[in-house]
Protein chains: 2
Amino acid sequence: MSVTDISFLDQIRSLLKKGAPRETLRELTGELQPYDLSILLNSLTAGEQLLLLAVLPPETTAETLEHFEPLEQYRFLDHLDRETTAGILNLMSSDAVVELFTALHPLQTERLIALLQEPFRTQIRDQMSYPENSAGSLSTVGYIAARRWWSAEQALTHLRKVGTTAEFYNYIYILGHLGELDGVLSLRQLILADPATRLEKIMIRKLITVPAELDQEQAAQLVARYDLTALPVISKAGKMVGVLTVDDIIDVIEEEATEDIHLLGGSGPVETPYFKTDLFTFFRKRIVWLLVLFVAEAFTGNILRHYESILTQVVALSFFIPLLVDTAGNAGTQTSTLVIRAMSVGEIRGGDFLKVVWREMRLGLALALPMAGITFLRAIMLGSQANLGLTVAATILVIITVSSTLGAIMPIVGKRLGLDPAVFSSPLITTLADAIGLLIYFQFARLLMGL
Amino acid sequence: MSVTDISFLDQIRSLLKKGAPRETLRELTGELQPYDLSILLNSLTAGEQLLLLAVLPPETTAETLEHFEPLEQYRFLDHLDRETTAGILNLMSSDAVVELFTALHPLQTERLIALLQEPFRTQIRDQMSYPENSAGSLSTVGYIAARRWWSAEQALTHLRKVGTTAEFYNYIYILGHLGELDGVLSLRQLILADPATRLEKIMIRKLITVPAELDQEQAAQLVARYDLTALPVISKAGKMVGVLTVDDIIDVIEEEATEDIHLLGGSGPVETPYFKTDLFTFFRKRIVWLLVLFVAEAFTGNILRHYESILTQVVALSFFIPLLVDTAGNAGTQTSTLVIRAMSVGEIRGGDFLKVVWREMRLGLALALPMAGITFLRAIMLGSQANLGLTVAATILVIITVSSTLGAIMPIVGKRLGLDPAVFSSPLITTLADAIGLLIYFQFARLLMGL
């Protein structure tokens, strides 16, 4: 039965209202996945939400809460009794706790951090010392470790003991005397091994790891490239900080793609889900760009003012302005979008600058030629004079080539200057292309029409 | 040592030239990951590539080839001897083989399919019967299955036997008498279980599965939502077709994001990596859209022609045309980008239409008000008459509100009509916004300036 089924919802509601015993509610919701439970909670009132959260098993609540934004999580935890809250917090994955604490006011964080048991509390403090959106803060401490001198049998025994509480258990991380990461072993290899073998004999020594300060986007690229299901995170001293699990990596990949898409569309990046974002946040993210582009675009007004006499002589020149500025913008956007995306997924690197610019310049010219021809034909068909048609066509030819080249140059140069290439998005390229396009237009008009 | 290190490359090259024994080359490249081997191969000449591929262990070659495009894979396989080719093909994951065969000409496919051993060959034919980009064709048949009446001990014995050749082994799929999927067991649960217990007693019965015809994008959404590392794919009869592994899912998520980004940027989607795509493909994908938008944009020329008399009377009206069309475009692009992305990640569904449109209409108005005010001030600052300033400001007010609303309506309606919402990209919305904007502009000019 779907969680959004009205009859199911009503059933839950009436049970909560009547104060039904927790076993009944647990039985009804027991088979639901955490994500689906979060959908169910979203359909209840605030009071009903707390009633339900109070009766669910703490492990279930911990997993379900991870599908909410940090501020929503806090709202729940703040209204539950201290004991329940402590139970839930201590069962949440460390990266979720770090994300929550990072979003809260320090006083709120201190209050909650006091509810954590050791060694979890120290681990959380350690992970919070890493930058936001770094591999360190995103990793989980719930992995299984073993010592290199143990036998396979000893490792399996250890696994049986801690295996039920660990969050990630498909690989076992083999540590040396000082806690440094020496190797890794998959569960399968452990099973296939002779029970008496020492782990250091069968472990894989050459493993892919990342430093804790590494940006999450680069860590995600490594996971995608090497088909990993987990990526160990190392401190400068070579000790394990935690493990990046692939489900968190998937979230990172989606979030980074969303951020790029928002920037490419000319908006500041919006990090919360659509309906959980208030209108004021949308306003803030969008008004900034609209204003910046407005200011930049105002320049085009100046250019037109400058050529007022020409426009007065041949008003027909103004008929083609929208066509010119938009075609230039389209060509520039196509190029910059393709180049920026290729940079994001690692297909274009800094050293490829000249190769890319040369490609896009030739491609721009190839696209510009037929477009210029069609422009000329259309102008003639509409009864314009040949030299006006030629002016427009010549401008189209130059402007598509120039926009395409700019659309390739700007993001790569931007990245070298330390900016996010996606900032050189459609609106910015379009505006620059407009200004250049109009200047060229009137120069050609002067030249070809004797104005 | 990095694979792009010149000295390493030279070392490999000279060894290949001298015809060094395969052990030497295998030792040198033995610790490289498949992805890095593919980078190494890309740095060699065609002849050197084949020499190297011939001496690598077939399992390594199989994994490395999966980092190449199908046509490149075919180029390699076609030039290697029959025995080597057969060895490699039979070790590739089934989804990679399906992708290769789907890209080839049927005659080429038939030739290669004859080299496959049973039951692999039949499995491949089965998987190719599913639509391209479906869960079925993307799944791998290299999973581990067990029968429900087996004991944990028997399952472990089976695992030890087949475990080294299976591609995916973190979960064991429990089948019934007719081969239907009855439950799943994680490797960890298997280890923790009493050896004598029958699997059907400890297996998880309620599991998430997908039908083989499901689109890969929706399957990927499920994996992301439920934090899965594998997703079993089922035929209509309930039998297992294969398993979607999380590394393939990550590739799907990246590819789908890339496709959306390309569409949003006004280009047809380009499915191959940037430098592996020839200029003609880029030309094809981009010229289509440039032409379509050109035709649409030509309408704006007609609108301006229609109002020629007004433009002749007040040439200053033309100064603001780029500003108007671009601001309208920016507002529309911001909205459509945010809405389309939210639809892609499942945050907006079909039933949210009215909610979304109402939100964006109010947001558009909120953004339009300050923009209109600033427009008016700027016009006055430049010395324009008050009624011209008012005309431009009033147009900005209406056009930002209208573009934002359109940017929300069009993608959702488009999706209902069965189109890819990302098609309603920036260029399309911009063009529509331009036409509407110019019409409104001249109406206001008539009204407020008595023209």
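User: In what order do the strands β4, β5 and β6 of chain B lie in their open sheet?

Analyst: In this predicted model, the three strands form an open sheet with mixed pairing. β4 (210-211) and β6 (240-245) of chain B each have a single partner strand and stand at the edges, so one side of each is left without a neighbour in the sheet.

User: Which residue of β5(B) stands opposite V210(B)?

Analyst: β4(B) and strand β5 (residues 230-234) of chain B run parallel and are joined by two bridges. Within β5(B), the residue that stands opposite V210(B) is V233(B).

User: Which residues make up the covered face of strand β1 of chain B, and which residue in β2(B) is the bridge partner of I144(B)?

Analyst: In a regular strand the side chains alternate between the two faces of the sheet. In strand β1 (residues 144-147) of chain B, A145(B) and R147(B) form the uncovered face, while the covered face consists of I144(B) and A146(B). β1(B) runs parallel to strand β2 (residues 171-175) of chain B, with four bridges joining them, and the bridge partner of I144(B) there is I172(B).

User: How many residues of chain B are in contact with chain A, and how much area do the two chains bury between them?

Analyst: On the chain A side, 113 residues take part in the contact, and on the chain B side the number is 114. Carbon and sulfur atoms account for 67% of the area buried between the two chains, which comes to about 10,700 Å².

User: Which residue of chain B forms a salt bridge with E360(A), and which helix gives the largest share of the side of chain B that touches chain A?

Analyst: The rule finds two salt bridges across the interface of chain B and chain A, along with 30 residue pairs in polar contact. In one of the salt bridges, with its closest N and O atoms 3.3 Å apart, the partner of E360(A) is R286(B). The largest share of the side of chain B that touches chain A, 17 residues, comes from helix α17 (residues 279-306) of chain B.

User: Is E200(A) buried or exposed?

Analyst: R198(A), its salt-bridge partner, is partly exposed, with a relative accessible area of 40%. E200(A) has 18% relative accessibility, and because the cut-off for this class is under 20%, E200(A) counts as buried.

User: How many residues apart in sequence are the parts tied together by E48(A) and R13(A)?

Analyst: E48(A) and R13(A) form a salt bridge whose closest N and O atoms are 3.0 Å apart. E48(A) belongs to helix α4 (residues 46-55) of chain A and R13(A) to helix α1 (residues 6-18) of chain A, so the parts that they tie together are separated in sequence by 35 residues.

User: Which peptide bond of chain B is cis, with omega near -5°, and what is the phi of N133(B)?

Analyst: Most residues other than glycine have a negative phi, and most peptide bonds are trans. The cis bond runs from E118(B) to P119(B), and P119(B) lies in the loop between α9 (106-113) and α10 (120-128) of chain B. N133(B), in the loop between α10 and α11 (135-138) of chain B, is not a glycine, yet its phi is positive, about 60°.

Notes
Residues numbered from 1 in each chain as written. Chains lettered and ligands numbered in written order. Predicted model: local features only at pLDDT ≥ 70, side-chain atom pairs only at ≥ 80, totals over all residues. Heavy atoms only, no water. Contact = heavy atoms within 4.5 Å. Buried area = accessible area lost by both parts, 1.4 Å probe. Salt bridge = Lys/Arg side-chain N within 4 Å of Asp/Glu carboxyl O. Polar contact = N/O pair within 3.5 Å; in protein donor to acceptor, adjacent residues only side chain to side chain. Pairing = 2+ DSSP bridges. Buried < 20%, exposed > 50% of the residue type's maximum accessible area, 1.4 Å probe, protein only.
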